[in-house]
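Welcome! Please take a moment to look over the sequence and the model, and then we can walk through a few places together.

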Amino acid sequence: MKNKSVLRLTITAIMIALCYVSFAVLKITIPTPLGYTSFHLGNVMCVVASLLLGGVTGGLVGAIGMGIGDILDPVYIMIAPKTIILKMMIGLVVGAVSHKLFKINKLEGKKLNIAVIISSASGMLANMIGEPLFGYFYYKYVLNAPEKALKALLGYNLVSTSINAVLTVLLATVIYLVIRKRLKNIYNNLND
């Protein structure tokens, strides 16, 4: 039991580090009239962690990894609270769909592949809805952004969020399936 907890904590810490690097380093920043948006791979690690470790842990991986990325970047520090909330939401949705609805730990073959794709897509769909809605209220009421600049930023965010979502579903599905296949014994012990 102790080894299981240490292993789970170790994998969680590694996933947080991978999430941070994927978000802070593997990104393309795009200036907008109100601030910045970006293409990044941080959501991939959040989704993979949610598939491997469950929604709460996956959400924490995304919230901590990408939250730290925002906090350490002077361009994004003001939106760190928004990032933390939205990434936690991604993890919770992916975890609920994959582990509660599909019970992916018991699936194999095509059923597993389909469940992973749907679970990943569900989390990214929640992000595609949550990002503009939550973003609008956050920028307008917390950061007091002008309406015209806010509309332009939300347009850019919709494009970058959509591209990030498609990339995340594809990459997270492949990474998860490879990790699960290679580490099946460890994976099964983690989720008993």
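The paragraphs below visit a few spots along the chain, one after another.

Keep in mind as you look that this is a predicted model. Let us begin with helix H1, which covers residues 2–24 and holds isoleucine 11. Is isoleucine 11 buried or exposed? Isoleucine 11 has a relative accessibility of 17%, so it counts as buried, because the cut-off for buried is under 20%. Now look for leucine 52, which is 41 residues away from isoleucine 11 along the chain.

Next, turn to the surface. Here you can find a nonpolar patch whose members include Val56, Leu60, Ile84 and Leu92, and its residues together have about 860 Å² of accessible area. Which helices each supply at least two residues of this patch? They are helix H3, spanning 55–71, and helix H4, spanning 80–101. H3 gives the largest share, with five residues. With a relative accessible area of 52%, methionine 78 is exposed, because exposed means over 50%.

Our last stop is helix H6, made up of residues 147–182, where you will find threonine 161. Its relative accessibility is 7%, and therefore threonine 161 counts as buried. What does threonine 161 touch, if we leave out residues up to four places away in sequence? Its contacts are Asn127, Met128 and Glu131.

Definitions and conventions
Residues are numbered from 1 along each chain as its sequence is written. This is a predicted model: local features need pLDDT of at least 70, side-chain atom pairs count only at pLDDT 80 or more; totals for chains, interfaces and linings use all residues. Side-chain values use heavy atoms; hydrogens and water are left out. Helices (H or I, at least four residues) and strands (E, at least two) are DSSP runs, numbered from the N terminus. Buried means under 20% relative accessible area, exposed over 50%, partly exposed in between (1.4 Å probe, protein chains only). Contact means heavy atoms within 4.5 Å. Patches are made of residues with over 30% relative accessible area and no salt bridge: like charges are joined within 9 Å, nonpolar side chains (Val, Leu, Ile, Met, Phe, Trp, Tyr) within 5 Å. Accessible areas come from the Shrake-Rupley method with a 1.4 Å probe; for residues, only the protein chains shown count as cover. A salt bridge is a side-chain nitrogen of Lys or Arg within 4 Å of a carboxyl oxygen of Asp or Glu.
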